[in-house]
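Please look at the sequence and the model first, then read the points below.

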Amino acid sequence: MLPPNDFDPEIGVAKILEPGLRRIVAPNPSPMTYRGTNTYLLGGSDIAVIDPGPDHPAHLEAILNALEPGQRVSHIIVTHTHLDHSPLARPLAERTGAEIWAFGDGTSGRSPIMQDLAQAGLMGGGEGVDHDFSPDHTLADGHVLRGDGWALEALHTPGHIGNHLCLAWGDACLTADHVMGWATSLVSPPDGDLTDFMASCEKLTAREWRVFYPGHGAPVFDPNARLNWLVDHRRAREASILQALHDGPATAEDLARVIYTETPPALLGAATRNVLAHLVDLTGRGRVAPQGALQADALFGLNT
């Protein structure tokens, strides 16, 4: 399933996606954010701003300028605490008086093994985490947040990061960085957890969805097919890693160079972190074992 290459939105302009939902793309394009972060405006009179985005003055003004007569920002919802999603939440709250909702701060939602790895300090990671973020209110899994004419169900979907939320809006889902059409998610321990990522995919697969609205890129109109593809893709990566380890122990970087042969050099670091996430998952399942401590530059071998 090749990603679409025709997503070329007008930056900073509110586009109607369907009745009650608009999208503004932030001016932060990059190899990791595609055209920029998607900020969503949901509602009629009470507007929920979902993922305000990076701390960029022009994007703040674009959000405020999108408000129509009789509209106000009633809720600010952050799906996860990466620097391209959450920093503008506090400036927006100060301008509008709205309060901020999220699963928690940058370390919330980690699995026990990831907590241990973070405390040991041997995994590296921490790429792009907004360590200054703190919500006014927390959103637990299954919590339904309501405004005038809309309701969002919080679905805790750790994997990309421990505090990641998807937001169910009827049969549509705002999937943030868990499911996107243009690329797969970065999973980088100890913030990212591949074991959790796969479980979160299964959680979403249990429902029939009409459309996904991701944190970057165009809407996904074949949502369940995309979920199945993501699961199959991760399983194929796992098989490639195990096959490569038949040639002998290797580091995550060694394996990334062998497996991600068509990846641009600028993205090899992200590919290495994804391989490391697989190795941590495989270690937890007893399929591989590090030589020495479980750390980012460890040699891993098949567990015989």
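**Strand pairing and helix packing**

Strand β10 is joined to strand β11 (residues 172-176) by three bridges, and the two strands run antiparallel. The model is a predicted one.

- A hairpin is formed by β10 and β11, with two residues between the strands. In the turn, G170 has a positive phi of about 65°.
- A168 has C173 in β11 as its bridge partner.
- On its other pairing, β10 meets strand β9 (residues 150-156) in the antiparallel sense, over four bridges. Here L167 of β10 has A154 standing opposite.
- Is β10 (residues 165-169) mostly covered or mostly open? The strand is mostly covered, with five of its five residues buried.
- Burial applies to both faces of β10: L165, L167 and W169 lie on one side, C166 and A168 lie on the other, and all are buried.

**The five-strand sheet**

- β10 belongs to an open sheet of five strands, ordered β8-β9-β10-β11-β12, with mixed pairing.
- At the edges are β8 (144-147) and β12 (211-214), each of which pairs on one side only.
- Direction ignored, neighbouring strands of this sheet are turned by 25° against each other on average.
- The pairing of β11 with β12 is parallel and covers four bridges. Within it, L174 has Y213 of β12 as its bridge partner.

**The seven-strand sheet**

- Seven strands make up another open sheet, in the order β1-β2-β3-β4-β5-β6-β7, and its pairing is also mixed.
- β1 (15-18) and β7 (137-138) are the edge strands, each with a single partner strand, so one side of each has no neighbour in the sheet.
- Strand β2 (residues 21-25) runs antiparallel to strand β3 (residues 38-42), and five bridges join them. L21 has L42 in β3 as its bridge partner.
- Helix α1 packs on this sheet and touches β2, β3 and β4 (46-50). The direction of α1 makes about 160° with that of β2.
- Helix α2 also packs on the sheet, where it touches β4, β5 (72-77) and β6 (99-102). The direction of α2 makes about 155° with that of β5.

**Helices α1 and α2**

- α1 (residues 57-65) and α2 (residues 89-96) have axes that come within 11 Å and cross at roughly 45°. α1 is therefore oblique to α2.
- The crossing of α1 past α2 is right-handed.
- On the α1 side the contact is made by L60, E61, I63 and L64, and on the α2 side by P91, L92, R95 and T96.
- Five nonpolar, one polar and two charged residues make up the contact of α1 with α2.

**Helices α4 and α5**

- Helix α4 (residues 194-205) packs with helix α5 (residues 223-245) at an angle of about 155°, and their axes are 10 Å apart. The two helices are therefore roughly antiparallel to each other.
- α4 passes α5 in a crossing that is left-handed.
- From α4, the residues L194, F197, M198, C201, L204 and T205 meet N224, L227, N228, V231, R234 and R235 of α5.
- By class, the contact of α4 with α5 consists of seven nonpolar, three polar and two charged residues.

Key. Residues are numbered from 1 along each chain as its sequence is written. This is a predicted model: local features need pLDDT of at least 70, side-chain atom pairs count only at pLDDT 80 or more; totals for chains, interfaces and linings use all residues. Side-chain values use heavy atoms; hydrogens and water are left out. Axes are lines fitted to C-alpha atoms, for helices over the stretch in contact, and angles run from 0 to 180 degrees between N-to-C directions. Angles under 35 degrees count as roughly parallel, over 145 as roughly antiparallel, 65 to 115 as roughly perpendicular and the rest as oblique. A crossing is left-handed if the near helix is turned anticlockwise from the far one by less than a right angle, and right-handed if clockwise. Contact means heavy atoms within 4.5 Å. Ala, Val, Leu, Ile, Met, Phe, Trp, Tyr, Cys and Pro count as nonpolar, Asp, Glu, Lys and Arg as charged, and the others, Gly among them, as polar. Buried means under 20% relative accessible area, exposed over 50%, partly exposed in between (1.4 Å probe, protein chains only). Two strands pair if DSSP finds at least two bridges between them.
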